[in-house]
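Please look through the sequence and the model first.

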Amino acid sequence: MTQARAALRDVVPSLVELVRSVPDANADSVGTWTVSDVAAHLAHVFRFDTDAVGGRPVPEATVTTAGMAEANAKMLARDGERDPVVLADRIGTLANEFDDIASRSRAATVNWLQGARLPPSAVACHLLEECLIHGHDIAVATGRSWPIQRHHALLAVEGGVLPLIASLPPTALLDQEKARSFRARFDLRLRGGSRMLMVFDRGSLTLDAGSARDVDAHLSADPAALMLVFIGRQGIGKPLLEGKLAAWGRRPWKLARMLTVISPP
């Protein structure tokens, strides 16, 4: 939690300034969302992650691509604010509130979306991931720079994404139609961080800290590149050419198939 709070204190001021300086609130960003929609969504994530850490009720949502799309659409429909300056101020205020509540949290776990029980630190790291990803979305849409530091991305993946995979149903983060026939075992090595097995088995995804024998492929990954590829913000070609991702093993082509079956919310 200490590291996650420090990372958020590093990232949020740049995020707030990025939102505040948006030249066109109606510029297209990610999917059907405008830049101001992304900023409003970020404020909503700050709100429900703060509520989770504070032991307050969180929105009802199923953590799948379709489930989160529905929940996010409802939150955006209820909140008509799209002024970047107002949203930047709101994000800054909510970030301060989150940090204050997180600093006083002593709970071992808290209730998150879909009834998942998470350590408060995992909620903080999820919030960090949202800031990094959606800061990237806004920056790309507005032609701005948004460098992602490796240690921030590593925290987001190790402290946020992996606990979510472990806590949610094993079917949650996969496209079930595409994943139902997919079986594979990957040895994932996060540069500067941990190593684990990702096990795909006909529509389920589980993590295993056991032996890396009998795997289809090994993947060495820069955490920021991995995060952008997995979330669908970047193709795999460029980071492979730049050496930010490296794959080898008996069946490395299965990694490309993996990217088609993953369906992040």
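## Terms and model

A residue is called buried when its relative accessible area is under 20%, exposed when that area is over 50%, and partly exposed in between. The model described here is predicted.

The structure as a whole holds 21 salt bridges. In one of them, the side chain of aspartate 99 meets that of arginine 5, at 2.8 Å from N to O. Aspartate 99 belongs to helix α4 (residues 84–104) and arginine 5 to helix α1 (residues 2–20), 94 residues apart. Arginine 5 has a relative accessibility of 19% and therefore counts as buried.

Aspartate 99 also forms a salt bridge with arginine 9, at 3.1 Å from N to O. Because aspartate 99 lies in α4 and arginine 9 in α1, this pair ties together parts that are 90 residues apart in sequence. Arginine 9 is partly exposed, at 46% relative accessibility.

## A network of salt bridges

Salt bridges link Arg47, Asp51, Arg56 and Glu97 in a network. Within the pair of arginine 56 and glutamate 97, the closest N and O atoms are 3.4 Å apart. Arginine 56 sits in the loop between α2 (35–53) and α3 (65–78), and glutamate 97 in helix α4, so parts 41 residues apart in sequence are tied together. Both residues are partly exposed: arginine 56 has a relative accessible area of 35%, and glutamate 97 one of 27%.

## The sheet

Five strands form an open sheet with mixed pairing, in the order β5-β4-β3-β6-β7. β5 (205–208) and β7 (245–248) each have a single partner strand, so one side of each lacks a neighbour in the sheet.

Definitions and conventions:
Residues are numbered from 1 along each chain as its sequence is written. This is a predicted model: local features need pLDDT of at least 70, side-chain atom pairs count only at pLDDT 80 or more; totals for chains, interfaces and linings use all residues. Side-chain values use heavy atoms; hydrogens and water are left out. Two strands pair if DSSP finds at least two bridges between them. Helices (H or I, at least four residues) and strands (E, at least two) are DSSP runs, numbered from the N terminus. A salt bridge is a side-chain nitrogen of Lys or Arg within 4 Å of a carboxyl oxygen of Asp or Glu. Buried means under 20% relative accessible area, exposed over 50%, partly exposed in between (1.4 Å probe, protein chains only).
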